[in-house]
Amino acid sequence: RHALRNLAKNPAFTLIAVLTLALGIGVNTAMFSLTDQVLLRQLPVQKPEQLVILNSPGPRNGHVWSDNNDGGSFSYLEYKHIRDNNDVFSGVLGRFAIQINVAGQGESEMANGELVTGNYFQVLGVRPALGRVFSDDDETAKSANPVAVLSHGYWARHFGSDSQILNKQILVNNVPLTVVGVAQAGFDGVQVGQTPDIFIPVTEKPALMPANDDLMERRNFWMAIIGRVKPGLSIAKAEAGIQPTYHAYLVDDVKTVQMSEHGKNAYLARKMLLAPGARGRQILQADAKQPLLILMGM
């Protein structure tokens with residue numbers, strides 16, 4: 001009671017004290033929330049602990065697009081070989097983030113697109129909130145799969161959660177795509193800092209990006225790959241088990257390019273490394289981890 005009476009007698013001091021506490025609590029809450037989202041939170045998918053990020057550091061001969069320096073970019077043909085010739089993964093997906101222009105309902109705007117393999121949602125265990133998600137039938141041939149799945153957030157923001165959006169067309173980079181589904185709520189992709197609005201089959205890359213028609217070129221490395229390790233198999237055993245398959249691809253691949261003997265040996269010495277993928281691709285986290293820990297006083 002004495003403290004309350006003193007506070008009542010000094011309203012200016014009381015106001016400053018309350019504002020200081022509110023500001024401090026607010027800042028700490030925001031920092032804890034940001035730290036949880038960036039550093040701690042797992043992907044909202046089925047059994048995220050089984051996911052691994054594939055990387056293959058070392059020399060490459062060709063055009064490399066990458067958002068990291070760990071050899072995390074592969075050609076589409078490389079991806080298909082790994083997907084179809086391994087005994088350690090129950091599924092392997094590929095993805096590539098792009099900026100797209102979307103026209104629909106009389107409006108045109110930039111959005112975040114993600115080119116994904118047909119098994120993308122299946123491997124992650126992400127279900128549709130409406131309609132369907134992709135399957136292997138949506139990854140058949142170049143420019144042969146003009147369909148799209150909307151993220152739940154984009155569907156709500158731009159289409160008012162209208163269920164009638166199914167089977168309607170939207171114009172993406174001047175390519176008409178039919179909306180076949182909406183992804184489950186809460187799923188925002190596999191990389192913090194890249195939130196897809198629209199998922200599109202990877203085979204539509206030539207149509208959407210005609211200036212970069214490199215889908216079937218061995219010397220273009222652009223696709224990020226995520227695998228799901230078979231139940232009961234450790235990451236270490238999966239990494240050891242994928243080496244023969246990957247080396248066989250490198251042996252065939254090195255025959256298609258001119259290299260010195262030294263270059264060939266270095267190329268063939270590359271290994272496939274697997275990193276835990278429960279929190280997705282750790283690109284933003286690599287830059288943000290230390291500053292966040294410092295701000296949190298850790």
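## Helix α3 and its cover

In helix α3 (residues 76-84), the buried residues are Y76, E78, Y79, H81 and I82, where buried means under 20% relative accessible area, exposed means over 50% and partly exposed lies in between, with a 1.4 Å probe and protein chains only. Helices (DSSP runs of H or I, at least four residues) and strands (runs of E, at least two) are numbered from the N terminus. The cover over these buried residues of α3 includes β1, β3, β10 (220-221), β11 and α7.

This is a predicted model, in which local features need pLDDT of at least 70 and side-chain atom pairs count only at pLDDT 80 or more, while totals for chains, interfaces and linings use all residues. Residues are numbered from 1 along each chain as its sequence is written, and side-chain values use heavy atoms, with hydrogens and water left out.

## The chain as a whole

The protein chain contains 9 helices and 12 strands, and 44% of its 298 residues count as buried. Taking contacts (heavy atoms within 4.5 Å) between residues at least 6 apart in sequence, 74% join residues at least 24 apart. The chain exposes about 15,100 Å², of which carbon and sulfur atoms supply 56%; such areas come from the Shrake-Rupley method with a 1.4 Å probe, and for residues only the protein chains shown count as cover.

## Paired strands

Strand β4 (residues 107-116) pairs with strand β3 (residues 89-104) in the antiparallel sense over 10 bridges, and β4 also pairs with β9 (residues 198-201), in the parallel sense over 4 bridges. Two strands are said to pair if DSSP finds at least two bridges between them.

## Two nonpolar cores

A nonpolar core is a set of buried Ala, Val, Leu, Ile, Met, Phe, Trp, Tyr and Cys residues joined through side-chain atoms within 4.5 Å. The largest one here has 47 residues, and the members that touch the most others are L54, F89, L150 and I198. A second, separate core of 21 residues includes L93, V147, F199 and I226. In soluble globular proteins, nonpolar side chains tend to be buried together.

## Helix α7

Helix α7 (residues 235-254) has 20 residues and reaches 27 Å from its first C-alpha to its last, close to the 28 Å expected, a span defined as 1.5 Å times one less than the number of residues. The helix α7 bends by about 35° at Q243, and the proline P244 follows within four residues; the bend is the angle between axes fitted to the seven residues ending at a residue and the seven starting there.

The buried residues of α7 include A238, I242, Q243, Y246 and L250, and the cover over its buried residues includes α3, β3, β11 (224-229), α8 (261-268) and β12 (273-276).

## The loop between β1 and β2

R60 lies in the loop between β1 (51-55) and β2 (63-64), and R60 counts as buried because its relative accessible area is 17%. Beyond neighbours within four places in sequence, R60 is in contact with G71, S73, F74, E78, F221, Y246, Y267 and R270. R60 and F221 are 161 residues apart in sequence, yet 8.6 Å apart in space from C-alpha to C-alpha.

G58 lies in the loop between β1 and β2, and G58 counts as partly exposed, at 46% relative accessibility. The C-alpha atoms of G58 and R270 are separated by 5.8 Å, although these residues are 212 apart along the chain.
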